[in-house]
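Please read the points alongside the sequence and the model.

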Amino acid sequence: MNQILPWAANFAALCVILAMALAAVRMMRGPSAQDRILALDAFYINGMLLVLILGVRFGSAVYFEIALLLALFGFVGSIAMAKFLLRGEVIEP
Amino acid sequence: MTAQTLPLWAAVPAALLLVLGGVLAVISSAGLLRLPDFYQRLHAPTLSNTLGCGCVLGASLLYFSVSEGALMPREILITLFIAMTSPVTAMLLIKAGRYRERRANLDREPG
C-alpha cells in the first residue's frame with residue numbers, strides 16, 4: 001500500500017552500516033587500547049540498531065531477542081576489557 | 001504482516017523516527033572518527049547510545065504495537081538496559097584511560 005516505511009528502513013539500515021564502517025576504521029586506527037574498546041562498544045550498539053531496523057523492515061518479532069542478546073554481550077565484553085585495562089585481570093581474586 | 005500494510009498515520013512517524021535514528025548513528029560515528037582526543041571521543045557515541053537508540057526503539061515499539069493491535073512493551077526492556085549500562089561502560093573506560101595515561105607518564109620520567 002504505502003512504501004514509505006520500507007524505504008525509511010532501508011535508508012536507516014544503510015546509515016547504520018556506514019556508522020559501523022566508521023567505527024571499524026577507528027577501531028583499527030585507534031592510537032590507544034581504550035580507543036579501540038570505545039570503538040568496539042559503538043560497533044556493538046550500531047549492530048544492535050541494525051538488527052532492530054531489520055526487524056521493522058521484515059516485520060518479524062524474532063529479531064528482538066537477537067538485539068537484546070547483542071546489547072547484553074556488548075556490555076559484558078566492554079566491561080571485561082575495560083576492567084582488564086584497569087587491573088591486568090578480569091576477575092580479581 | 002509486512003511493513004507495507006501499516007496504516008499511514010503510524011507509518012509516517014515510524015519512518016521519521018527510523019530516518020532520524022540512522023542519521024544520528026552516522027553523526028555519532030563520524031564524531032568518533034574525527035575528534036582528536038580520547039576524552040573528546042568519549043562524548044560522540046553517547047549521542048547514538050541515548051537518542052539514536054531511543055528513536056529506533058520508538059519506531060520499533062510503534063510498528064509492533066500497531067501491527068499486533070496491542071501495546072508491546074518489550075522494546076522498553078532494551079531502552080532500560082542501554083540506559084543503565086552505557087554510563088557504567090563510559091565510567092570504567094575513563095578510569096582505565098586515566099590510569100594508563102598516568103602510568104605512561106610515570107614510565108617516561110621516573111622520580
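1. The model is a predicted one. Just after α3(B), Gly69(B) adopts a positive phi of about 85 degrees.

2. In chain B, 52 residues are in contact with 47 residues of chain A. On the side of chain B that touches chain A, the elements giving two or more residues are α1 (8-34), α2 (38-41), α3 (44-68) and α4 (75-108) of chain B. The most is given by α1(B), with 16 residues. Sorted by class, this side of chain B holds 34 nonpolar, 14 polar and four charged residues.

3. The axes of α2 (residues 33-58) of chain A and α1(B) come within 12 Å and cross at roughly 165 degrees. Because angles over 145 degrees count as roughly antiparallel, α2(A) is roughly antiparallel to α1(B). The crossing in which α2(A) passes α1(B) is left-handed.

4. Which residues make this contact? From α2(A) come Ala39(A), Ala42(A), Asn46(A), Leu49(A), Ile53(A) and Val56(A), while α1(B) supplies Leu18(B), Gly21(B), Ala25(B), Ser29(B) and Leu32(B). Among the residues of the contact of α2(A) with α1(B), eight are nonpolar, three are polar and none is charged.

Conventions
Residues numbered from 1 in each chain as written. Chains lettered and ligands numbered in written order. Predicted model: local features only at pLDDT ≥ 70, side-chain atom pairs only at ≥ 80, totals over all residues. Contact = placed C-beta atoms within 7 Å. Helix = DSSP H or I, 4+ residues; strand = E, 2+ residues; numbered from the N terminus. Nonpolar A, V, L, I, M, F, W, Y, C, P; charged D, E, K, R; others polar. Axes fitted to C-alpha atoms, helices over the stretch in contact; angles between N-to-C directions. Parallel < 35°, antiparallel > 145°, perpendicular 65-115°, else oblique. Left-handed = near helix turned anticlockwise from the far one by under 90°.
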